[in-house]
Amino acid sequence: MTPTADLLIIDARIDPEASGAESIERMAVADGRILALGEDASACAGSETRVVEMGGRAVLPGFADGHAHHLMAGQADLFELQASPALGLDELLETVAAHAATLAEDAWIVGGDWGSGLLAEISTPEALARLDAASGGRPTVLRDDSKHNRWANSAALAAAGLTGSAPDPDGGEILRDASGTPTGVLVEAAGLSVEEALARQRPMSTEQTARASQRGIEILHSYGITAFQDAAASLPMLEALHQLDAAGRLTAWVVTSMLANDFIFGADPVGEGIIRHREQHRSRRHRPDFIKIFLDGVPPTRSAAFLEPYLPDELHGCDHRGHTTMDGDQLRSWLFSTAEKGISAKIHCTGDASVRMVLDVVEEVRRAGHTAPRYQIAHGQFIHPEDVPRLAALDVVADISPMLWFPGVIVDAVAAVLPPGATDRIQPNRELLDAGALLAAGSDWPVAESPNPWEAIYGLVTRKDPSGQRAGTLCPDQAITLAEAMAACTSGPVEAMGLAEETGRLRPGLSADFIVLAQSPYDVDVEELPGFVADETWVAGEPVHVR
């Protein structure tokens, strides 16, 4: 017998693969899953079937974001100061002062972003005094545009016990003035003590965390995103997602990357401490299937690990190449122990030396017979040409980041510390695709100001700034086609997350997760793509966002 549909979509231009191929007009859905497409869908209609007419609009698979920090973004939207990393110091301090005026005298000021290019300007006693004044003495911690580094005022430094005699922690650096007094700029792990002080003095309840998680997902839905991988999951996040799903309020497919180590967020527990809670927080739409390893830092603070040295400076000398957070034996231990548990790994690598270390260890893991775990190199903006073919050969995913596909603040900050010509191959997406690697686009939102997939697609195709604020292109030889870019924002991340049997395409048996657009992206000039918006976003056959 032909099953009866709950929902029948008609008069649509359905593009099942987001590929621009010939469209289909009808889709039948039952119990949140696609029953049939085309003429076969009509046969599934019954007397109780809800019929939705799309008026000739385009229907494409929902977008997937392979690298987001949805809880962080939700917290920022609900509870924190938000500033553009493009602001100069004066404008940033004005923003802080305006926000401070809305708060109680004992409140913390938390948020961001300050641009990496401000690093030298804010690392002075004078800048710290200005931050103290702007904040009205309230403890203040501002994150940079990478979310790896902090600028704290005197009250926050005192709360964290960061006096002039405080030593630099492993994996971090307290920037100081000529007298040895902290300037408030805390690089990598040096910011953990401030984050911990904040958590002690302003803890978040499980309900607040769930509210922030849900808010982050609502914002993702507004951009047409129906599945995502959170790139740095804490135990409170796992608890919040489980709570939302149990209450029927989790309206996205979520894969989480449990923190194996943490030099940034101050999460506790990490490593085996969070992994042991993994199964109790698994649910229908939440899959805690990855660990997250921070293997290096970021280039602007010279903490990314490179094969060739940075430009010389007074602090690091002439042969500084950055560093990894663990050696090969430690990484090997993590990847083998988690592979034996069936856990995959997302590994943060922003320098080519850390990428090579990952590939070397994954090669050993694969040789030992562990073919099931998925390995993702997160960011991977610098990959040595000899290593590009190894990603496909070892089934390692390129988790690529949009703010590095076109000119911008972060690229400027990276170029300022590397030898001339080093950024000529930044984010080699064309080379990776040609070598057979899987591209999985991840916004890194809210490190990126927006998770907008259309801006990401435009950048992938043109290597130009979708906002139009920056002229020129960034490595235009690494541009990819529109169809390749659409795949990198739909089926690519879904496959990388391990959700290909659930979503990512519009095929019978998969979840009815789709977006509705006024027109197909293949019908317009590429220059129009940054202005595209989703009229509607649907998950499991139900609308979760209507513009």
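This is a predicted model: local features need pLDDT of at least 70, side-chain atom pairs count only at pLDDT 80 or more; totals for chains, interfaces and linings use all residues.
I looked up Cys489 to start, and it is buried, with a relative accessible area of 4% (buried is under 20%, exposed over 50%, partly exposed in between, with a 1.4 Å probe and protein chains only). Residues are numbered from 1 along each chain as its sequence is written, and side-chain values use heavy atoms, with hydrogens and water left out.

**Cysteines.** How many disulfides does a search of the whole structure find? I got zero, a disulfide being a pair of cysteine sulfur atoms within 2.5 Å. For Cys489, the closest cysteine sulfur is in Cys475, 19 Å away, so that is too far for a bond. I also checked Cys44, which is buried at 6% relative accessible area.

**Rings.** My search of the whole structure turned up six aromatic pairs. Rings of Phe, Tyr and Trp (its six-membered ring) pair if their centres lie within 6.5 Å; planes under 30 degrees apart are stacked, over 60 edge-to-face, the rest tilted. One of them is Phe265 with Phe294, tilted, at 6.2 Å centre to centre and 50° between the planes. This pair links distant parts of the chain, 29 residues apart: Phe265 is in the loop between strand S15 (253-259) and helix H10 (272-275), Phe294 in strand S16 (residues 286-294). Helices (H or I, at least four residues) and strands (E, at least two) are DSSP runs, numbered from the N terminus. Phe265 is partly exposed at 24%, while Phe294 is buried at 3%.

The largest pocket holds about 930 Å³ of space. Of its 32 lining residues, the closest to the centre are Gln75, Ser234, Phe265, Gly266 and Ala267. My grid was 1 Å over the protein atoms alone: a pocket is an open set of points where a 1.4 Å probe fits, with protein on both sides within 12 Å along at least five of seven lines, and lining residues have an atom within 4 Å of a point. The volume is the space filled by probe spheres set on points joined across faces, edges and corners. Which helix gives the largest share of the lining? H7 does, with six residues.
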